[in-house]
Each structure stands twice: as structure tokens, then as C-alpha cells.
Amino acid sequence: MPLADSAYSDFSEAVYISIMTEHDLLEVVEIEGHSGLSPWGWAAYYAELQGCNRELMMVARVAQPLEPVKTDQIAGYIVARLAAEELHINNVAVRVEYRRRGIGSALLTHIMEEGQRLDATTALLEVRAGNSLAQALYAKCGFQGVGRRRSYYLAPQEDAVIMRAQLSGMLDSCG
Ligand SMILES: CC(C)(COP(=O)(O)OP(=O)(O)OC[C@H]1O[C@@H](n2cnc3c(N)ncnc32)[C@H](O)[C@@H]1OP(=O)(O)O)[C@@H](O)C(=O)NCCC(=O)NCCS
């Protein structure tokens with residue numbers, strides 16, 4: 001059983017993380033469009049959902065307890081792949097209005113736990129060299145810079161910093 005569908009209540013509001021479905025994709029693509037990520041678009045997310053990494057595609061919702069009808073919008077998402085014993089984190093983004101409330105950390109913690117459950121021993125990612133906010137998030141979750149890929153990103157062209165975290169023996173990822 002995947003770990004997804006769990007609730008994080010160590011915030012002032014409850015954040016629910018579940019496995020992404022095709023019904024989530026319009027919102028996911030909308031968030032992607034406002035996040036400065038290299039765009040995948042609806043078709044690429046849909047294709048990924050059909051593959052063996054679908055358990056590593058997750059969305060976070062924030063419960064709206066005062067609303068009579070359940071209309072929790074997606075606050076953020078994360079997408080990763082497993083290759084051998086390595087969890088490769090591809091995309092993580094949080095809606096602008098939900099940022100700095102621990103949702104990025106919750107998504108990263110959750111996917112690292114899921115990777116560990118699937119026997120990954122390390123997690124790896126690339127991040128724009130100038131994206132210091134994301135690098136701070138990753139560092140908080142145990143990632144360290146281990147290298148650089150020259151001109152990895154386009155539009156605008158920029159180096160990638162490669163960051164890696166050890167998953168085996170991981171306790172609380174983002175303390
Ligand atoms: C990076 C991103 C996912 C962080 O999401 P978030 O929900 O705001 O992150 P959190 O609230 O969990 O913050 C975790 C840590 O990240 C760092 N951080 C995040 N936003 C920050 C900001 N505006 N200023 C300084 N540090 C920041 C801090 O270290 C923070 O820990 P702290 O709150 O204990 O200080 C979000 O800013 C985002 O969607 N950015 C655009 C997409 C992107 O760059 N994705 C990564 C591509 S590789």
C-alpha cells in the first residue's frame with residue numbers, strides 16, 4: 001500500500017496528501033504555469049500517470065473546515081520517479097497563496113518516505129542555480145549540493161545544482 005492519503009496536522013490547518021489522479025491535472029498544470037518550472041503540460045503528466053511511477057505523483061490539499069461542501073483546492077504537488085534505488089524528484093510546486101506554510105516540506109517529506117518504502121536509498125534532484133528558495137527547502141529536508149550541470153536549463157539558460165539526500169536511516173526529513 002502506498003503511503004499517500006495521509007494528513008499532516010502539525011500546521012495551523014490540515015494538509016492532506018494523496019496520489020494524483022487525472023482529475024487533478026488541470027489544477028496541477030495551472031500551478032505549474034505560475035511556478036516558473038520547465039513546463040511538462042497536461043499530456044506529459046497524463047502519460048506519467050499511466051506508467052509505473054504513478055504512486056510517486058502526489059497532490060496536497062488544505063482542508064477548508066468552514067465550507068459546507070468539500071471544495072478543497074490543490075495547494076501543491078510533487079512528481080518523482082524511481083530508478084533502481086534512486087528517487088529522482090522532478091517537479092514540486094505550491095500555489096503562490098499557500099507558500100511558506102510548510103506544504104512544500106510536507107510534500108517532500110511524504111515522497112521521501114514513499115521512496116524509502118519502495119527501497120530507494122538516495123534521492124536526487126536538479127534545481128536552478130538561482131532558485132535559492134527551493135534550495136533552502138531541499139537543504140531543510142536533508143539534501144546537499146553534490147555537483148552542477150552547466151547550462152542544463154533553457155529559457156532562461158542556467159546551470160543546475162545537483163542535490164542528493166540519503167534516504168536509508170531517514171527519520172524526520174524536514175525537521
Ligand atoms: C519551492 C516551493 C515549492 C516551497 O514551497 P513552500 O510550501 O513555500 O515551502 P515550505 O513552506 O515548506 O518552506 C520550507 C523551507 O523552504 C525555505 N523557503 C521557502 N520559501 C521561502 C521564502 N520565501 N524565503 C526564504 N526561505 C524560503 C525555508 O527554508 C523554509 O523553511 P522555514 O519556513 O522553516 O524557514 C515554492 O516556493 C514553489 O512552488 N516555488 C516555485 C516552484 C519551484 O521553484 N519549485 C522547485 C523547482 S526545483
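Between which helix and which strand is the loop that holds Asp 119? Select Asp 119 in the viewer: this residue sits in the loop between H3 and strand S6 (122–128). Helices (H or I, at least four residues) and strands (E, at least two) are DSSP runs, numbered from the N terminus.

Before going on, note that this is a predicted model, in which local features need pLDDT of at least 70, side-chain atom pairs count only at pLDDT 80 or more, and totals for chains, interfaces and linings use all residues. Residues are numbered from 1 along each chain as its sequence is written, and side-chain values use heavy atoms, with hydrogens and water left out.

**Two residues with positive phi**

Stay on Asp 119. Its phi is positive, about 75°, although Asp 119 is not a glycine. Asp 119 counts as exposed because its relative accessibility is 58%. Buried means under 20% relative accessible area, exposed over 50%, and partly exposed in between (1.4 Å probe, protein chains only).

Now select Arg 100, in the loop between strand S5 (86–94) and H3. Arg 100 is another residue other than glycine with a positive phi, near 65°. Its relative accessibility is 86%, so Arg 100 counts as exposed.

**Helices H3 and H4**

Select helix H3 (residues 103–117) and helix H4 (residues 132–140). They pack at an angle of about 50°, with their axes 10 Å apart. Axes are lines fitted to C-alpha atoms, for helices over the stretch in contact, and angles run from 0 to 180 degrees between N-to-C directions. H3 and H4 are therefore oblique to each other. Angles under 35 degrees count as roughly parallel, over 145 as roughly antiparallel, 65 to 115 as roughly perpendicular, and the rest as oblique.

Show the side chains next. On H3 the contact is made by Gly 104, Ser 105 and Leu 108, and on H4 by Leu 137, Tyr 138 and Lys 140. Contact means heavy atoms within 4.5 Å. These residues divide into 3 nonpolar, 2 polar and 1 charged. Here Ala, Val, Leu, Ile, Met, Phe, Trp, Tyr, Cys and Pro count as nonpolar, Asp, Glu, Lys and Arg as charged, and the others, Gly among them, as polar.

**Helices H1 and H2**

Move to helix H1 (residues 25–33) and helix H2 (residues 41–49), which pack at an angle of about 125° with their axes 9 Å apart. That angle makes H1 oblique to H2. Leu 25, Leu 26, Val 28, Val 29 and Glu 32 of H1 meet Gly 41, Trp 42, Tyr 45, Tyr 46 and Leu 49 of H2. This contact has 8 nonpolar residues, 1 polar and 1 charged.

Is Met 163 buried or exposed? Select Met 163 in strand S8 (residues 158–166). Met 163 is buried, because its relative accessible area is 5%. Apart from neighbours within four places in sequence, its contacts include Ala 123, Leu 125, Tyr 138 and Phe 143. Met 163 and Ala 123 are 40 residues apart in sequence, and 8.3 Å apart in space, C-alpha to C-alpha.

Then select Pro 156, in the loop between strand S7 (144–153) and S8. A cis peptide bond joins Ala 155 and Pro 156, with omega about 0°.

**The whole chain**

Finally, show the whole protein chain, which has 4 helices and 8 strands. Along the sequence their pattern is β-β-α-α-β-β-β-α-β-α-β-β. Of the 175 residues, 45% are buried.
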